[in-house]
Amino acid sequence: NTLLPPSPAACPRRAGGGVGWARDGGLSGLEARRERGAAACSRASTPSPLPDCVNCDDLAGSKSTTLTLHWLTTPRTALVVCKLSAALVPSLNATLRWLRDNGVTTFVEPAAYPNVEPDLTQSTCSRPLQQNGEPAGPGAVAAAATESIVSAWEAAISENGGERCGRIVTWPEARCPATTIPDEVAHKLDFVVVLGGDGTLLWTCHMFGNRAVPPILPFNMGSLGFLTPFPPEQLSPMLHTVLKGGFPMILRHRLHCTVLRAADGEVCSEGQCHQWKDGHSTQGKVVMNEVVIDRGISPFLTNLEAYCDGIFVTHVQGDGLILSSPTGSTAYNLAAGGSMIHPQVPGILFTPICPHSLSFRPLIFPDHVELRIQVPHDSRAKTYCSFDGKDRLELNAGDAVVICMSQWPVPTLCSQDPSRDWFMGIRHGLHWNERRQQGGVEKPL
């Protein structure tokens, strides 16, 4: 039961709000680590300008390693991400109505904003935003939000003397790419509500990129629901729980990937490394499941070189390679014969796809290493790389992909606790180890 700082409304760690999980060597990779007993009690008793959120005696006597979050102030800002499906429009509007009526300013993706009912776009503030000394109607408020969403929201709060009031807004599509959340919005968010399946949750993490992610409340409105433990029937009770605080969470590790381009062929080979010359790095990508390097449509086997912290590990000859996070261990990694590991176990899974070797077994690297997967300079064919199944890139001879653990994990709410949710998922979602139970000892005649 450790206090975590996941948002501006919770214990803040840095100026400007947002989530602040920081790297801490090669331990768990988190500044806010799980602490028990006297160590946590000692830290909690240290004088601090922030009020105590949990009881020190409860911390000292607890043997639980479940992370819980307690708000210092009531959360005011949320983001709702909904799968673009006509069947989910009623659930989207019900969620927005509940949040607005409870005084939460809520952002919606521009792609989903046309599905919002018109009456929900009107603010619940007692005195609406004013412009040029005149009360602003719904059209003027919408225009102000289009010009500057965050400025309009802050003005609405100040106009009401700090009064909490609900508002449903979006950001201009021209403000940033359609797959990205503007920094001004991301830094203001207290929590995120996801309506959809596992793919919608991955999409949400993709929109944040290599930034802090607020706590996510995922509802299972898709097909598998392995990462979304909450049924739609619990929508209102769970939203109330989020505003109240004290809910269990799990931090899901992500992988940070960078593609290095070698322009002149001066590359590393068989442990003999030369300096990158005229090479450049593309924008880093963050994945929650896996990065896949494969042969694509090429008839040739992939021929890759794998390095760990600059040390040559092995050649990869086969259909490709999967570098997976613990959360992604039950996705493509599992289908390729990799191990399933608990999402709280920090590590990077290294799983070959159809290797042309009987002895090539999957590996698990510690979370603090840096892996580099490189296409040799004499490769016969091009190789392809994808990130959580998106943004597929072509890799030429000499190019490399560098993978390490991201400093920004994804905090998601648990229905019970991380272990129970995970075992429930693999038993009921993946039907793990299901067979008819062996009968017991029969009584003798």
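Which residues does Leu 217 touch, not counting residues up to four places away in sequence? This is a predicted model, where local features need pLDDT of at least 70, side-chain atom pairs count only at pLDDT 80 or more, and totals for chains, interfaces and linings use all residues. Residues are numbered from 1 along each chain as its sequence is written, and side-chain values use heavy atoms, with hydrogens and water left out.

**View 1. Who Leu 217 touches.** Leaving out residues up to four places away in sequence, Leu 217 touches Val 192, Val 193, Val 194, Phe 230, Met 238, Leu 239, Val 242 and Leu 413 (contact means heavy atoms within 4.5 Å).

**View 2. The largest nonpolar core, with 31 residues.** Such a core is a set of buried Ala, Val, Leu, Ile, Met, Phe, Trp, Tyr and Cys residues joined through side-chain atoms within 4.5 Å; buried means under 20% relative accessible area, exposed over 50%, partly exposed in between (1.4 Å probe, protein chains only). Leu 96, Leu 99, Leu 195, Leu 217 and Phe 219 have the most contacts inside it.

**View 3. Tyr 307 and its ring neighbours.** The Tyr 307 and Phe 312 rings pair edge-to-face, because their centres are 5.6 Å apart and their planes at 70 degrees (rings of Phe, Tyr and Trp, using its six-membered ring, pair if their centres lie within 6.5 Å; planes under 30 degrees apart are stacked, over 60 edge-to-face, the rest tilted). Tyr 307 is buried at 1% relative accessibility, while Phe 312 is partly exposed at 27%. Arg 372 puts its charged end over the Tyr 307 ring, 4.4 Å from the centre (NZ of Lys or CZ of Arg within 6 Å of the ring centre and within 35 degrees of the ring normal).
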